[in-house]
Amino acid sequence: MKFLGLLDPWSQGGLLKSSNDKITVVLIPEGAHHIDLRADNKNDPASVRETRKFYIRTFKSWIETHSRSLNRV
């Protein structure tokens, strides 16, 4: 996964789309420099809140996939 806050000055050098199906690019239009990794704040933009929800869904999926693979052994 690649996360890109478009307000971050470094975003111009970032990946704006994926080159293959194993890389997910998440654009955060109102994000800048790791705001998505900080604690929740009532002033967080909607795109940051949605990105955090995406993280949780993705991590849960990874954990469930791994758990199922352990049960096959």
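With a relative accessibility of 8%, Tyr55 counts as buried. Here, buried means under 20% relative accessible area, exposed over 50%, and partly exposed in between (1.4 Å probe, protein chains only). Phe59 has 39% relative accessibility, so Phe59 counts as partly exposed.

The model is predicted: local features need pLDDT of at least 70, side-chain atom pairs count only at pLDDT 80 or more, and totals for chains, interfaces and linings use all residues. Residues are numbered from 1 along each chain as its sequence is written, and side-chain values use heavy atoms, with hydrogens and water left out.

Rings of Phe, Tyr and Trp (its six-membered ring) pair if their centres lie within 6.5 Å; planes under 30 degrees apart count as stacked, over 60 as edge-to-face, and the rest as tilted. Tyr55 and Phe59 form a stacked pair, because their ring centres are 6.2 Å apart and their planes lie at 20°. These two residues are four apart in helix H1 (residues 46-71), so about one helical turn separates them. The rings of Phe59 and Trp62 have centres 5.4 Å apart and planes at 45°, so this pair is tilted. Phe59 and Trp62 are three residues apart in H1, again about one turn.

Helices (H or I, at least four residues) and strands (E, at least two) are DSSP runs, numbered from the N terminus. H1 has 26 residues and spans 38 Å from its first C-alpha to its last, close to the expected 38 Å. The expected span is 1.5 Å times one less than the number of residues. Buried residues in H1 include Ser47, Val48 and Thr51.
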